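Here are my notes on the model you passed along. Have it open while you read, and check each point against the view as you go.

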Amino acid sequence: MPATSSPHTPQPAGTAPPGEVVLEARDLVKTFTTGRGGLSRTRVSSVDGISLSLRAGESLGIVGESGCGKSTLARMLVGLEVPDSGSISYRGRDVTAARRGDRRLLRRGVQMVFQDPYTSLDPRMTVLEIVGEPLTASRTGTRASRRDRVAELLSLVGLAPGLMERYPHQFSGGQRQRIGIARALALEPEVLVCDEPVSALDVSVQAQVVNVLRDLQRRLGVTLLFIAHDLSVVRHVADRVAVMYLGRIAEIGPTATVYEAPAHPYTQALLSASPVVDRARRGRMAARIVLDGDPPSPTSPPPGCRFHTRCRMARDDCRTDVPSLRRPSEAQERARLAACHHAEDALTRLEDVFGPA
Amino acid sequence: MAVTSTSPTAARSALRVRGLSVEFRTRRGPVPSVRGVDLDVAPGELVALLGESGSGKSVTVRSIMGLDADNARSSADEMRLGDTDLLALSGDERRRLRGHRMSMVFQDALSALNPVLSVGDQIGDLIRAHTDASRRAARARAVELLAMVGIPGASRRVGDYPHQFSGGMRQRILIGMAIALEPELLLADEPTTALDVTVQAQILELLDRLRRELDMAVLLITHDLGVVSEVADRVAVMYAGRIVERGSGDDLLAQPAHPYTEALLTSVPQTEGLGRDLVTIPGSPPNPERVPPGCAFHPRCSWAVEACRETRPALIEVRRGRESACHRSQEVVGAGNE
């Protein structure tokens, strides 16, 4: 492999031993202001106190509906947004303030794959320039070695290296997304943050990209943060999953536990609402938990548990007290946490989600 | 094409289409988008038209609706709404039918609604354009419709403007407008694609309820296999401008007879395949300007043989109630049995 570290890198992004925390977020808060200012100015609470840690080699899925803050979270983790409060550390070093050195470190270690492969690639650059840009920008290697590296990256994502002189418009959506992945991999990051990487693609092409990501994870040991609204894709890719609702984590835990025994009423509703292809498991239209209304506006999130306005199990305490993430008592799985006052109760009503056992 | 025999409700179709083709004039010459499509939808039935981008599914329903793009030229052997021969109608007669006997719900509700008219005025205008209802009666009917599609506080919100509603609510308003005059046929073009899953569930349930209550025929366009599986009575799968397979929802998804349907089904993540790689379909859907000869799917098909490159398979019945356009349909369906 060509040289990956240069004298400019303060700390080369080697590979952390599996299981070690590479990226950690603590109490991240981000609000945006909208409106022209003055009285019409409103604050939008996008992310409200999220903590999570990514361990080397794992894949963490983040699911939630539009406006729940999952993209903002992703952008903070790669350093594209600075949180209002809270901290982000990469391999133990606090990079929250996004100072120059921090940014350089983050760019080497954490890279992003964007949602829309049609707008995230510069149409006037060749694939060689696009994929090679991170190498050029970080002054890695010589022109010839960068070319070799681009060829290598393209074959890694299943594209013929001979295509590197072409322009993005000559590729299909699935191929463009692979070019985006190759670019993100150029600096051998430890963490790949993928924001809805397949949702802009045709159904028959999505599987190709999902497989490329899984394959990269196996071969390179790269850590994945995989954001999607499609629950079945996340289930397929993620070892752990976090469910977000209006800027907070509703539930987090091993994927199998969260999908098979969801402890938060929102997770239950989400699972119940997702269409299933398997016709034998359908016919739940009548039985499914249909949530009333839409997610409330993040400009004025409800007090207490933010889900209480749509929750079928809401009681008085939910309207006033913010539930913290905790392990439901009696629950077998120790690694799963849910932010619900009545998670124990919710766990006894799983037949509402999956039908009678 | 001998398909009439397999249509279960030929006698009382709400919609009957035979040999619909649509071609676009472009600077590079004519580009065929829809090639000889036949469709039947019975009253009260929900038929899903499943396809990826560029398969021609939206062009098909726009043509049925009589809303062809300016540079499109469509032709059909037969197109009937109930007993009405749509092909014999003038443009003006066709226009009077729209909104009244057939209506359409678009994907993007915000751009389909008029931003400077309150939703009550929009629904009222529609009612008054087609009936001789008074302003007051039309307003009352608008409130009734908003309540019917589940807008909370309908009488209060009837004077609100589109931007004051959320995406899911706007889609409900569009559906409310589409069913205002109790049409025989509702065409829904990806009505839930822009919505969140919890809201999608509400809209699908609404469509399902309305077609039962009003005995309305629904043609639902979607690319989402999950949606098809949830609500469709019958499914037609489109690829490169043609219907390549059709049958009942239960049967078709359980035992596809066309390799494209089969491949689509295996490429979506399902519980059974957890931990394994997804089965991928190589390549991507063809550009309508360059559809491969023979069977259009052959370059991506794992079942392809020599004949597929040269001869286009006709859409024929492979068993009762199921048609497939594949030279090897019998083997494909047989493989699913094992």
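1. In chain B, 65% of the contacts with a separation of 6 or more link residues 24 or more positions apart. Two residues are in contact here if their C-beta atoms, placed from the backbone, lie within 7 Å. For chain A the corresponding share is 66%.

2. A word on ground rules. This is a predicted model, where local features need pLDDT of at least 70 and side-chain atom pairs count only at pLDDT 80 or more, while totals for chains, interfaces and linings use all residues. Residues are numbered from 1 along each chain as its sequence is written, and chains are lettered from A and ligands numbered from 1 in the order in which they are written.

3. Now the overall build of chain B. Its secondary structure comes to 13 helices and 13 strands; helices (H or I, at least four residues) and strands (E, at least two) are DSSP runs, numbered from the N terminus. The C-alpha atoms of chain B fill a box of roughly 65 × 50 × 40 Å along the principal axes.

4. How much of chain B is buried? Buried residues make up 49% of its 338 residues. The cut-offs: buried means 20 or more other C-beta atoms within 10 Å of a residue's own, exposed means 12 or fewer, and partly exposed is in between, with C-beta atoms placed from the backbone.

5. Chain B splits into domain 1 (4–101 + 181–337) and domain 2 (111–180), with bounds that come from an automatic or database domain assignment. Their C-alpha centres lie 30 Å apart. Across the boundary, 15 residues of domain 1 of chain B are in contact with 13 residues of domain 2 of chain B. On the domain 1 side, helix 8 (residues 197–214) of chain B gives the largest share, six residues. By class, that side has eleven nonpolar, three polar and one charged residues. Nonpolar covers Ala, Val, Leu, Ile, Met, Phe, Trp, Tyr, Cys and Pro; charged covers Asp, Glu, Lys and Arg; the others, Gly among them, are polar.

6. From the record: an unreviewed UniProt entry annotates residues 17–265 of chain B as "domain: ABC transporter". UniProt positions are in the numbering used here, feature names are shortened, and annotations may be inferred rather than shown by experiment. In the model, this span is 40% helix and 27% strand, and its end C-alpha atoms lie 27 Å apart.

7. On to chain A, which has twelve helices and eleven strands. Of its 357 residues, 48% count as buried. Take a look at helix 9 (residues 265–273) of chain A: nine of its nine residues are buried, including A:Tyr266, A:Gln268 and A:Leu271.

8. Chain A also has two assigned parts, domain 1 (21–238) and domain 2 (262–354). Their centres, taken over C-alpha atoms, are separated by 29 Å. Eight residues of domain 1 of chain A are in contact with seven residues of domain 2 of chain A. Strand 2 (residues 42–55) of chain A supplies the largest share of the domain 1 side, five residues. The residues of that side divide into two nonpolar, four polar and two charged.

9. Where the chains meet, the contact takes 37 residues from chain B and 34 residues from chain A. On the chain B side, the elements that give two or more residues are helix 8, helix 9 (225–231), helix 10 (249–254) and helix 11 (259–267) of chain B. The largest share, seven residues, comes from helix 8 of chain B. By class, the chain B side has 17 nonpolar, twelve polar and eight charged residues.

10. Finally, two backbone spots to check. Most residues other than glycine have a negative phi. A:Glu196, not a glycine, has a positive phi of about 50°; A:Glu196 sits in the loop between strand 7 (191–195) and helix 6 (203–220) of chain A. B:Glu182 has a positive phi of about 45° and lies in the loop between helix 7 (167–178) and strand 8 (185–189) of chain B. Buried or partly exposed: which is A:Glu196? A:Glu196 is buried, with 20 other C-beta atoms within 10 Å. B:Glu182, with 13 C-beta neighbours inside 10 Å, counts as partly exposed.
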